[in-house]
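Hello,

Here is the structure for you to look over. My notes follow below it.

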Amino acid sequence: MQFKIGPDTISLTVPDKAALLTKVAQRLDTRCGFALATMNVDHLEKLPKDARFRAAYQAHDLIVADGNPVVWLARLGGQQVSLVPGSELVVPLCRLAAEAGVGVAIIAGTEQAARDGASELQRMIPGLSVVLTTAPGFPFDPDGPEGDELLDQLSASGAGLCLLAVGAPRQEVFAARACRALPSVGFASVGAGIDFIAGRQRRAPVLVRRARLEWAWRAALSPLRLGPRYARGALILPGHAYRTFLARRSRG
């Protein structure tokens, strides 16, 4: 599925979770780096306004659908994809890292979240080696001195997998930069995934997720922050659906 974003085109490159984990396992085994982004409606809303974000996204080689509207748009365009929430990738990615003997770095919104997430992951996954836990300041400039410092820390740590949980577009911009600087490291932007693991945020109950209403759950828990975000996202969906429909019809 290709999304036309201003002058650029951004594609979903991996159809489902199984295919993604197969690719990641191969990369970790061979110490071949990657940049993984999980596309959601918030990203689709931000991308047209932010050229740096678009450039970063285009530098990612692994892009999955994180959000049911993205899945529906892809299917409207003729591509069969499955939902792959970034928050559900943290544990499987760390399991793959443990199996490959690869050290994991966690860069989160706060030092405490990074440490708590690391402790819980090591409890869940025998043999997992977390070699770095840290958090940049706020606001974090991925191209500034803090980004330079993080690159130095990552290089010194020997990490082969880095989980980024500092929010879009900062995590994706840093991943694109870091993947160039450290080509043997895999970078995965997992959003709130570390906060969920650390117990700092609560995920929607399974029944709510199955009903495709996790967005409503999160908005109810944080209405001032997430309510406007989801409203802006809803406004752009008709335009994307219309363009996707026209593109599919033009292909016959």
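How many of the 252 residues of the chain count as buried? The figure is 48%, where buried means under 20% relative accessible area with a 1.4 Å probe, protein chains only.

Before the rest, the ground rules. This is a predicted model, in which local features need pLDDT of at least 70, side-chain atom pairs count only at pLDDT 80 or more, and totals for chains, interfaces and linings use all residues. Residues are numbered from 1 along each chain as its sequence is written, and side-chain values use heavy atoms, with hydrogens and water left out.

**Overall fold**

The chain has 12 helices and eight strands. These are DSSP runs, numbered from the N terminus: helices are H or I with at least four residues, strands are E with at least two. The C-alpha atoms fill a box of roughly 50 × 35 × 35 Å along the principal axes. Residues 24 or more positions apart make 73% of the chain's contacts with a separation of 6 or more; contact means heavy atoms within 4.5 Å.

**Strand E7**

Look at E7, residues 161–165. Five of its five residues are buried, so the strand is largely enclosed by the rest of the structure. Leu-161, Leu-163 and Ala-165 lie on one side. Cys-162 and Leu-164 lie on the other. In a regular strand, side chains alternate between the two faces of the sheet.

E7 pairs with strand E5 (residues 104–108) in the parallel sense, over five bridges. Pairing needs at least two DSSP bridges between the strands. Val-104 has Leu-161 as its bridge partner. E7 also runs parallel to strand E8 (residues 186–189), joined by four bridges. There, Leu-163 stands opposite Ala-188.

Best wishes

Notes:
Buried < 20%, exposed > 50% of the residue type's maximum accessible area, 1.4 Å probe, protein only.
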